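Please keep the sequence and the coordinates in view while reading.

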Amino acid sequence: MILFKPNPNQIYISPILKLNMSKKEKKEKRTVIRTSRKSYIPFYLMIVAVIIILLFIVLTGRPLPRNNLIAAILFIVVIIKLTEVHRLTHHYDITPHSLEKIEGIFLRRIKRMNYGSISQLHLSQNPWEKMLSIGSVEIAQFSETVRTEIKNINKPKEFLNAVSQMMHHKGKYMGGYGG
């Protein structure tokens, strides 16, 4: 079962661009993995709590100072924006030859791990994460001297299997994530 397919639109935007691309760029397909929105549930619950408190104050007829209303709305907007910005600026790419951890927008950090250098993969999930089907995968390189953690991704078991397949086939592209 293929869960995530590389998006061909990420590489081939138009036929004209396709002609101008090198052979390496044409063959290079990426699967982008982002942090799951499910991992931000505690933040979303804080927003719901603020809204419930505001509704309680209004419905009971108590005065709601304007500054408190503005602060509550600002809090809600900032939390929603920050969770999305964090989610979009931290992602992982599965390429035919390596696994890449990419962080940041302006100060971009890319950590590339060739499949041949990966020695072990560890999956960790607590009961809450298991119920939500999210988890973290720790990747050990060079006999566990270098470790990278891929946190709070959807379906971590499938991710683990996909990376294992890529390691087994020494970077040969399998045609999709998980299958």
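**From surface to core**

The accessible surface of the protein comes to about 11,800 Å², and carbon and sulfur atoms account for 62% of this area. These values, like the others below, are computed from a predicted model. Of the 179 residues in the protein, 32% are buried.

The protein contains six helices and seven strands. Read from the N terminus, its elements follow the order α-α-β-α-α-β-β-β-β-α-β-β-α. Among contacts in the protein with a separation of 6 or more, 48% are made by residues 24 or more positions apart.

We turn next to the interior. In soluble globular proteins, nonpolar side chains tend to be buried together. Here the largest nonpolar core has 16 residues, and Leu99, Ile139 and Phe159 are those with the most contacts inside it. Two or more residues of this core come from each of strand 2 (90-94), strand 5 (118-124), strand 6 (134-141), strand 7 (146-154) and helix 6 (156-168). Helix 6 makes the greatest contribution to this core, with four residues. A second, separate core has six residues, including Val50, Leu54, Ile76 and Ile79.

When its neighbours within four places in sequence are left aside, Leu99 is in contact with Asp93, Ile94, Lys111, Arg112, Met113, Tyr115, Ile139, Ile150, Phe159 and Val163. Two of these partners, Ile139 and Phe159, are named with Leu99 as the residues with the most contacts inside the largest core.

Strand 1 runs antiparallel to strand 2, and four bridges join the two. One of the residues involved is Thr31, whose bridge partner in strand 2 is Ile94. Ile94 is also among the residues in contact with Leu99.

Finally, what does a search of the whole structure find in the way of aromatic pairs? The search finds one such pair. The ring centres of Tyr40 and Phe43 lie 6.3 Å apart and the ring planes meet at 50 degrees, so the pair is tilted. Tyr40 has a relative accessible area of 7% and is therefore buried, whereas Phe43, at 36% relative accessibility, counts as partly exposed.

Conventions:
Residues numbered from 1 in each chain as written. Predicted model: local features only at pLDDT ≥ 70, side-chain atom pairs only at ≥ 80, totals over all residues. Heavy atoms only, no water. Core = buried A, V, L, I, M, F, W, Y, C linked by side-chain atoms within 4.5 Å. Buried < 20%, exposed > 50% of the residue type's maximum accessible area, 1.4 Å probe, protein only. Contact = heavy atoms within 4.5 Å. Areas by Shrake-Rupley, 256 points an atom, 1.4 Å probe, with all protein chains shown as cover. Phe/Tyr/Trp six-rings, centres within 6.5 Å; stacked < 30°, edge-to-face > 60°. Pairing = 2+ DSSP bridges.
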